[in-house]
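Please keep the sequence and the structure in view while reading.

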Amino acid sequence: MTDSICSRETRNMKSMVPLGLIVATFALTSSIFDSAKVFRVKPQNEKQVNFLKYLAQIKQLDFWHPDSAPYIVTQMQVDFHVGAHQSRSVQTLMEKNEIQYEILLHNLQEEIEKQFDSKRNFTGRHSYTKYNDWDKIASWTARIAKIYPKLVSRIQIGNTFEKQPMYLLKVGKESVRKKAIFMDCGIHAREWISPAFCQWFVKQAASTYGKDKIMTHLLDSLNFYVLPVFNIDGYVWSWTQDRMWRKNRSKNSTTNCIGIDLNRNFAAAWGTTGFISDDPCDETYYGPAPESEDETKAVATFIRNHLSSIKAYLTFHAYSQMLLFPYGYTFHKAPNHNELTEVAKAAVEALSSLYGTKYEYGPSATLIYPTSGSSVDWAYDQGIKYSFVFELRDKGRYGFLLPESKIKSTCKETMLAVKSIANYILSYAS
């Protein structure tokens, strides 16, 4: 895994392309992903678990689920991507060790290209049913605030490591002081459906005000702070150089390996719990200190400065169709565990009412695996007692490469879940 990331980095640095040249971009990355495969396995016993962890040490595996090899336990669904040059030997080793596997994706490059609608629009227009690069999203943040000046305003809360402005959209009818919900998308660069939802949410909220009774009531009574892309530098890199990039793009002083996992960089049991990594080459490297990253610090500072009004924190990830809540860093139940369970249950039921999409829900340490330094645990520990993580579609058929044809349905059903939570906050949060 370490070699995979560092070697990809070396190859990528040799050939930069301008942002927005999508055809050139994905022709460029084909050298990395052409004939690469994504495998799914489910270890049946400790022997198989140990073998998979060993395999991760000797081969270049990019874990999609869970985030890294140490999290693997028996009966867990494990998805990982392997480059073309190693896929045959990985298959042979798994067969020799009697591990049954399924090949989810036979050619990762083809799946990357198929993610885009065949009617790809090269005019540079922003679209709510297509994936938008950062240039389009940044322009959109200014435009949406101009179109709906009484409902949407844009705030710059900081800059990324590479000095990109971090734009936050405040959505709500201007009035006296009121409760607020903070939402962020795209903390992990390759999870493109996440920023797509934040853009959809803002547009739907603003455009249905005065038409949709529930949304009108919510915007009259609540403010939504929406960060469309948390990890902008990583998101740009996932468009221009490496579609599977996860971390941010900050440089590490002790190695050539780039980036820190922003969702391990918050001051919530930072660096203490779960299978944490102090190796800068790992996908889940937590950084040299809590809030060491410009992006983390910008978000944490904004939330701290607005703690008196922020009553809920919602962060959107992909994939696995889950609604998670604290804690991730301990198996102990949160003080309002029963209430969080009821709110999550209602949200999941609202979501599934549209297309029948099934979501699981529960504390993240129990439902998936223990983690420390996550944004949701940090927000909860700040006193935001309604803190949730959405893991959006799907369950692995497409993984991080959910096709554009699925954006609309994913966003429409997720909107129902967010409305459900927001209604609860409005009624019951003090």
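In strand E12, the residue that forms a bridge with Tyr313 is Ser387. The model examined here is a predicted one. Tyr313 itself lies in strand E9, where it is the bridge partner of Phe182. Tyr313 therefore has a bridge partner in Phe182 as well as in Ser387 of E12, by the DSSP criterion for pairing strands.

E9 and strand E12 (residues 386-392) run in the parallel sense and are paired over seven bridges. E7 and E9 are also parallel, and six bridges join them. How enclosed is strand E9? Nine of the nine residues of E9 (residues 310-318) are buried, so the strand is largely enclosed by the rest of the structure.

**Disulfides**

How many disulfides does a search of the whole structure find? The search finds two. The table lists them.

| Disulfide | S to S distance | Torsion about the S-S bond |
|---|---|---|
| Cys185 to Cys198 | 2.1 Å | 80 degrees |
| Cys257 to Cys281 | 2.0 Å | about 85 degrees |

The link of Cys185 and Cys198 is right-handed. This pair links distant parts of the chain, for Cys185 belongs to strand E7 (residues 179-185) and Cys198 to helix H8 (residues 193-207), with the two cysteines 13 residues apart. Cys185 has a relative accessible area of 0% and is therefore buried. Cys198 is likewise buried, with a relative accessible area of 0%.

For Cys257 and Cys281, the torsion of about 85 degrees makes the disulfide right-handed. Here too distant parts of the chain are linked: Cys257 and Cys281 are 24 residues apart, and each lies in the loop between helix H10 (232-240) and helix H11 (294-305). Both cysteines are buried.

Cys411 counts as buried because its relative accessibility is 0%, and the cut-off for a buried residue is under 20%.

Helix H10 is mostly covered, as nine of its nine residues are buried. Among them are Trp237 and Trp239, together with Asp233 and Thr240.

Helix H4 (residues 46-58) has 13 residues, which at 1.5 Å a residue should span 18 Å. The C-alpha atoms at its ends are 19 Å apart, which agrees with that expectation. At the start of H4, a side-chain oxygen of Asn45 comes to within 3.2 Å of the backbone nitrogen of Lys47.

Which residues of H4 are buried? They are Gln48, Val49, Phe51, Leu52, Leu55 and Ala56. Viewed down the axis of H4, these buried residues fall within an arc of 160 degrees, so they line one face of the helix. An α-helix has 3.6 residues a turn, so residues three or four places apart point the same way. Lys47 and Gln57, on the other side of H4, are exposed. The elements that cover the buried residues of H4 include strand E1 (37-41), strand E2 (61-65) and helix H5 (84-96).

Conventions: Residues numbered from 1 in each chain as written. Predicted model: local features only at pLDDT ≥ 70, side-chain atom pairs only at ≥ 80, totals over all residues. Heavy atoms only, no water. Disulfide = S-S within 2.5 Å. Helix = DSSP H or I, 4+ residues; strand = E, 2+ residues; numbered from the N terminus. Buried < 20%, exposed > 50% of the residue type's maximum accessible area, 1.4 Å probe, protein only. Expected span 1.5 Å × (residues − 1). Arc of directions from axis to C-beta. Contact = heavy atoms within 4.5 Å. Polar contact = N/O pair within 3.5 Å; in protein donor to acceptor, adjacent residues only side chain to side chain. Pairing = 2+ DSSP bridges.
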